[in-house]
Amino acid sequence: MKATHLVWIRRISQGLFLLFFLFLLIESRLPQDIYLRYSLVFSSDLDLRIQWPLGFFFQLDPLLWLSSLVSGHHFITGFWWALALTLVTLFLGRIFCGFICPLGTTHHVVSWVKPALKGKRMIEANQKSPSQRVKYLLLTSLLVGALIGLNLAGLMDPISLFFRSLALAVFPGLGVGIKEIFDWMAKSDIRILNHLSYGAEVLVSPVFGYSYQSYQSAWFIGLIFLLTLFLNRIRPRFWCRVLCPLGALLGIFSRLSILRLEKNHEKCTNCELCTKNCQGAASPIPGQQWENAECLMCFNCFDSCTEGALSFQLRWPRTLNRKPDMGRRALLTGLLAGISIPLLGRLDGQVHKVSEPRLIRPPGSLPEKDFLRLCQRCSLCMKVCPTNVINPTLGEAGMAGFWTPRLVMIQGYCEYTCTLCGSVCPSGAIREISVKEKTERPIKIGSAYVERGRCLPWSGNGPCIVCEEHCPTSPKAIYFSKELVTGPDGKRILVPLPYVDLKICVGCGICEYKCPVKGRPAIRIISAGESRSVKNQILL
Amino acid sequence: MSHLITRRTTLKRLLKISGGLVLSALTGWPLNGPGSVSAKSHKKGFIVEGLGQEEGYSLKELTRRVFEAAGGSSRFVSRGDVVVIKPNISWARRPDLAATTNPELLEAVIEICYEAGAKKVRIADNTINDPRRCFAISGAGMVAKKTGAELIYPRSSLMREMKLQGNRLDAWPVFVPLVEADRLINLPVAKHHGLTTLTLGMKNWIGAIGGRRSALHQDIHQSIVDLARFFNPTFTLIDATRIMIKNGPSGGRLSDVATKNTLILSDDQVAADAKASMLFGLTPDQIGHIFLGQRWALGTYDFQQLDQKKVIL
């Protein structure tokens with residue numbers, strides 16, 4: 001096959017996979033056209049589900065599969081996709097990096113649209129450098145850490161990182177900007193602007209969110225994403241070369257690859273065009289030994305060689321390729337980091353001693369220890385949550401639980417008959433549950449308590465009872481009794497005062513969300529009483 | 001898309017209203033419809049109670065008969081009207097739990113509107129739970145798809161601050177499609193409610209506004225009356241096919257539900273609520289906003305003043 005054909009196949013494949021990734025990302029929300037045949041005679045709850053295979057890219061990712069396996073001893077659903085990809089890598093090398101990876105494609109495009117350097121300096125930048133060992137260091141530490149019991153793979157995994165950055169920072173950020181414009185247009189007195197704003201909003205909100213999506217600390221996620229894009233100014237596909245742990249893993253598998261770069265010394269004129277165009281700094285030029293573990297399979301060298309000195313060929317029988325240059329020091333450092341990080345992560349006592357009261361996990365979450373073994377911090381649960389209650393943690397779950405999901409009840413609440421988050425979780429850190437299980441068992445995520453000093457009726461500021469109205473359980477976990485309290489002018493007033501029945505409360509947080517005392521509501525949820533923990537309980 | 005209140009339409013409407021007022025003063029003709037707040041007629045209102053007594057009665061048939069008893073649907077909906085229905089679908093609950101308006105009734109009313117010549121029928125509600133889930137699970141989404149009615153999702157750009165000129169509420173963000181309708185239909189479900197005792201027709205208007213709704217509880221009955229006066233629907237049709245007798249307004253168990261097979265249709269918001277409250281074994285004056293509604297002359301629960309009819313199927 002001609003080199004240009006190969007390069008074009010690569011570009012098309014990159015484009016299609018990136019589009020597919022974006023499509024699944026956008027579809028990771030409840031659509032507005034769900035039609036259920038509910039009628040009066042229908043007397044059991046249906047679970048709303050999203051029909052698209054939202055977890056596809058996560059299932060395709062061997063790093064997520066492997067890290068879940070060694071840490072949680074759990075085969076994630078659809079892991080055979082990852083297995084298939086591993087097999088492909090064993091034959092064709094890092095084809096994933098060059099043809100499929102949506103983050104790699106993004107970096108590729110950024111490096112191509114605005115090349116970091118020119119001429120000789122680009123050739124120099126594309127020489128293999130020892131910094132490329134960092135990714136092996138990261139891979140070792142992530143896998144060793146996972147083995148010991150803390151799965152941080154998702155922090156660095158390209159699929160998780162890309163999804164998280166787009167879902168929590170890029171799309172909501174754009175969405176907020178666009179919605180502000182629409183709201184401004186809708187308020188305008190000019191009729192055509194009103195119409196335009198409604199029309200455009202119908203088209204735009206399915207993509208950017210039906211309301212103002214917000215995620216605590218997402219600015220940080222966005223900043224890191226921008227930084228990884230900026231790194232392409234230093235070297236093309238800096239992330240893929242130096243940092244990507246999945247790339248490192250695939251690089252190791254590629255040692256057996258039969259798709260090899262064949263070099264012809266005699267034809268080479270040493271023009272260095274191949275090196276200049278090399279995306280992975282894999283030493284394509286004749287005279288240097290090809291670094292198959294670094295090669296991103298972009299076929300640029302093959303395409304740029306005017307002399308026909310380079311070609312990719314399938315060679316059988318299989319011979320071992322060059323060993324990936326990991327560096328012993330990098331491996332040792334990775335090993336050390338991998339051992340120490342999980343142990344350091346336990347020092348806050350969250351697993352063994354105390355539970356953070358505001359760490360409220362989604363319904364169906366595994367016990368904290370197992371949760372940290374499986375959660376890939378991909379943010380899919382946060383993206384699909386219809387009320388926008390699930391947020392990434394910053395410090396609430398300790399260092400070990402950085403960017404894991406947490407419910408922030410001033411931003412939303414867990415809807416009583418919603419079980420969407422567990423149905424999309426790619427790693428099983430949140431179990432898939434049914435409405436029946438959630439409401440009848442029931443699955444509690446915490447407990448409500450009234451802060452009487454701030455509560456309107458308790459503090460003598462008049463009637464309210466919004467919490468009781470919204471409480472979704474039957475019988476209601478929030479009940480009231482009409483009692484006399486002292487009002488502002490010293491008069492005794494008869495108002496309904498709210499109380500919480502801890503036996504019934506599931507901690508859904510709608511009371512906290514709807515409480516008229518904003519910011520720091522007068523009724524709040526703490527994690528105590530959550531079903532997933534044996535220790536974090538209140539009642540006998 | 002929906003058309004909006006602009007200066008021009010406001011002026012037009014004002015002209016129509018003032019013209020209509022003069023005309024009505026001259027001829028003694030009543031004026032009904034949103035916007036004509038001050039044109040409340042002194043003509044006798046009506047209240048129709050429909051009861052499905054026989055086993056497996058057709059709700060559609062009952063609805064039709066109730067409208068016929070009230071003088072036929074053409075009395076309420078004219079050819080070319082944009083009709084907006086405000087059901088109560090605040091909660092993502094299955095229909096049999098009586099937290100939301102019966103989807104079969106919703107379907108029947110939409111069909112009647114179309115038959116009377118409505119140009120467009122819209123279903124709009126600013127729900128408490130997520131609107132996508134509410135519309136899907138309550139069955140309203142399916143009804144809209146089947147009948148061709150339009151579902152209006154509450155969006156921030158559809159909330160606009162308006163002068164309510166109520167006793168308690170002055171300016172408040174209002175769900176715009178409801179005030180832009182030619183005909184506004186209130187289609188609530190009859191339910192128990194912790195704070196207001198019951199939630200029927202008038203309280204349904206809390207789902208027609210945006211803003212800091214949870215603050216309304218601090219003077220709930222007066223707020224309800226203010227909203228009811230502002231929205232002033234063409235008619236109220238209360239769904240009491242099954243009612244929620246405890247744990248309202250969300251409920252959640254079949255033991256919270258009682259079957260009544262009743263529909264109450266009236267052009268008097270207070271009367272409709274009053275009639276429905278009796279299904280719960282209460283007297284109308286026990287409920288704050290019904291009592292206030294009569295006092296502020298929004299309507300009456302003295303049924304003698306109304307044209308009363310009963311339909312039994």
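Predicted model: local features only at pLDDT ≥ 70, side-chain atom pairs only at ≥ 80, totals over all residues.
View 1. Looking at contacts in chain B with a separation of 6 or more, 73% come from residues 24 or more positions apart.

**View 2. Helix α7 of chain B and its surroundings.** Here we follow α7(B), which runs through residues 220-231. Its 12 residues reach 16 Å from the first C-alpha to the last, close to the 16 Å expected at 1.5 Å a residue. Because 11 of these 12 residues are buried, α7(B) is largely enclosed by the rest of the structure. Among the buried residues are Ile220(B), Ile224(B), Leu227(B) and Phe231(B), and also His221(B), Asp226(B) and Arg229(B). What do the buried residues of α7(B) pack against? Their partners in chain B are α6 (176-179), β7 (183-187), α8 (269-279) and α9 (288-295).

**View 3. The side of chain B that touches chain A.** Across this interface, 43 residues of chain B are in contact with 49 residues of chain A. Three helices of chain B, α3 (103-115), α4 (131-137) and α5 (140-147), each supply at least two residues of the side that touches chain A. Which of them gives the most? That is α4(B), with 4 residues. Sorted by class, this side of chain B has 18 polar, 13 nonpolar and 12 charged residues.

**View 4. Two helices crossing in chain A.** Helix α6 (residues 102-113) and helix α10 (residues 158-187) of chain A have axes that come within 8 Å and cross at roughly 70°. That angle makes α6(A) roughly perpendicular to α10(A). Where they meet, α6(A) brings Pro102(A), Leu103(A) and Gly104(A), while α10(A) brings Pro158(A), Leu161(A) and Phe162(A). This contact has 5 nonpolar residues, 1 polar residue and no charged residues.

**View 5. The largest nonpolar core, with a closer look at Cys381(A).** The largest nonpolar core has 228 residues. Which members touch the most others? They are Cys381(A) and Cys421(A) from chain A, together with Val83(B), Ile85(B), Val109(B) and Phe175(B) from chain B. Leaving aside residues up to four places away in sequence, Cys381(A) touches Pro362(A), Ile390(A), Pro405(A), Cys421(A), Val424(A), Cys425(A) and Ile430(A).

Conventions. Residues numbered from 1 in each chain as written. Chains lettered and ligands numbered in written order. Contact = placed C-beta atoms within 7 Å. Nonpolar A, V, L, I, M, F, W, Y, C, P; charged D, E, K, R; others polar. Axes fitted to C-alpha atoms, helices over the stretch in contact; angles between N-to-C directions. Parallel < 35°, antiparallel > 145°, perpendicular 65-115°, else oblique. Core = buried A, V, L, I, M, F, W, Y, C linked by C-beta atoms within 7 Å. Buried ≥ 20, exposed ≤ 12 C-beta atoms within 10 Å, placed from the backbone. Expected span 1.5 Å × (residues − 1).
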